[in-house]
Amino acid sequence: MKKPAADQQIASKSNVYRTLYDVRGFCSKQELAKKCGISMPTLYQNLNDLMEQGLVCYSGEERSTGGRKAQGLGTVSDARVSVGLSMTEKSVRMVAADLRLQELAYQTVPFDTCTKLRGDPSEIGEILERFLNEFDISRKKLLGVGITIPGIISPDHTRLLLAPTLGLENIPLNKLIHSIPYPTYIDNDGTSSGHAEGFVRRSFRNMAYLSLENGVGGAVLTEGRLYEGNSGRSGEFGHICVEPGGLRCSCGRNGCLEAYCSPLRIEKTFGVDLETFFQGVENHNPEYEALLSDILRHLAIGVNNMHTVLDSDVVLGGFFSEYLQPYLPLLRQYVMAGNPLSSDAGFLQLSAVPHHITALGAALYFIRDFIFSV
Ligand SMILES: [Zn+2]
């Protein structure tokens, strides 16, 4: 059956917008029409609509196409904004991002997540409003607020089933949702970060993302899509056993990757922050060096287990990974020493999103939703 003309028009407009969004670099009208597989008159009609909506504009760039110069086109990055809110044990980290997931504003505010989620989390609404005011984020442009929690979220995203690092279990999230007067979406922190990593890399390679924050988690992406598992709990790499009978983990068991590779271990052992710790390692503090070596060796076991099962890239992210660049060659050596199946450890990489990936991943939900709804 033939589609009605209006539907075809909408389909073309979405096609034009998404195609232009995916273009990196110069794109003329002629090139865009060719990429979209539509005629020039149809393109003009759709471009007019998109420009009227403020979603597409001339990029200001001109290139010669043999005869006269052609003007470049681009999507308007700040036509909308999305906010990501990442909840940790002691703070809430907020980021505002444009449609390209570029950071517009960032702020960390102290917040007792465990107590508030158990009781009354409504203060989060006030914290968010202050953030929006302080950075002059337009409510008109605001698509929504994505929220991440370091724990397992129910499939309908309304309940926190288990959060060992927060010491929480089976907590309804409706009060949190209702304290925010914008569309909200709640997800696991590692999952959100994995989405952000995949989005920024623009790669459809299979990837296991390992989030090294106080809670250690992650996500599995196959050909760009999240592998969720049967109950949405895939990618909980923090609780892979890397040392049977080893250090106590927040989940109550012993020897988990999280117990060895969470930055909390450093804080608990020496009472110093990461900055001080890595400065000490650089100055050859022997106790600090010994702990880092132990962390990297156990991290290598975890990475090998992930790679052995998935045969994918393994990407290290989260705020701990921001300090690991100088130690990546050593970590790869440890990985190779324990991996009989791979000829090099190039599959192990650091995140392409060096800062605030969890909050950015939370913001990404509404950006994606918008791009696919134009
Ligand atoms: Zn555990």
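**Entry 1: the model and its domains**

I am working with a predicted model. The chain is divided into domain 1 (5-75), domain 2 (81-193 + 357-371) and domain 3 (203-350). I noted that domain 2 is written as two stretches, 81-193 and 357-371. Next I looked up a distance. The centres of domain 1 and domain 3, taken over C-alpha atoms, are 44 Å apart.

**Entry 2: the largest pocket**

I turned to the pockets. The largest pocket has a volume of about 740 Å³. I found 24 residues in its lining. Gly-198, Phe-199, Phe-204, Gly-224 and Arg-368 lie nearest the centre of this pocket.

Which elements give two or more residues to this lining? I listed helix H1 (5-22), helix H7 (189-201), strand S13 (225-226), strand S14 (313-317) and helix H13 (357-371). H7 has the largest share, with 4 residues.

I then sorted the lining of the largest pocket by class. It has 9 nonpolar, 5 polar and 10 charged residues. I also checked the domains. Domain 1 (5-75) and domain 3 (203-350) each give at least three residues to the lining of the largest pocket.

**Entry 3: the second largest pocket**

I moved on to the second largest pocket. Its volume is about 470 Å³. I found that 25 residues line the second largest pocket. Closest to its centre are His-157, Tyr-185, Asp-187, Thr-191 and Leu-226.

Which element gives the most to this lining? I found that H13 does, with 5 residues. At least two residues each come from strand S6 (142-149), strand S7 (152-153), strand S10 (184-188), H7 and H13. I noted that H7 and H13 were also on my list for the largest pocket.

By class, I wrote down 9 nonpolar, 11 polar and 5 charged residues for the lining of the second largest pocket. Domain 2 (81-193 + 357-371) and domain 3 (203-350) each supply at least three residues of this lining.

**Entry 4: a helix pair**

Last, I looked at how two helices pack. H11 passes H12 in a right-handed crossing.

Definitions and conventions
Residues are numbered from 1 along each chain as its sequence is written. This is a predicted model: local features need pLDDT of at least 70, side-chain atom pairs count only at pLDDT 80 or more; totals for chains, interfaces and linings use all residues. Side-chain values use heavy atoms; hydrogens and water are left out. On a 1 Å grid over the protein atoms alone, a cavity is a set of points where a 1.4 Å probe fits but cannot get out, and a pocket is an open set with protein on both sides within 12 Å along at least five of seven lines; lining residues have an atom within 4 Å of a point. Grid points are joined across faces, edges and corners, and a volume is the space filled by probe spheres set on the points. Ala, Val, Leu, Ile, Met, Phe, Trp, Tyr, Cys and Pro count as nonpolar, Asp, Glu, Lys and Arg as charged, and the others, Gly among them, as polar. Domain bounds come from an automatic or database domain assignment. A crossing is left-handed if the near helix is turned anticlockwise from the far one by less than a right angle, and right-handed if clockwise.
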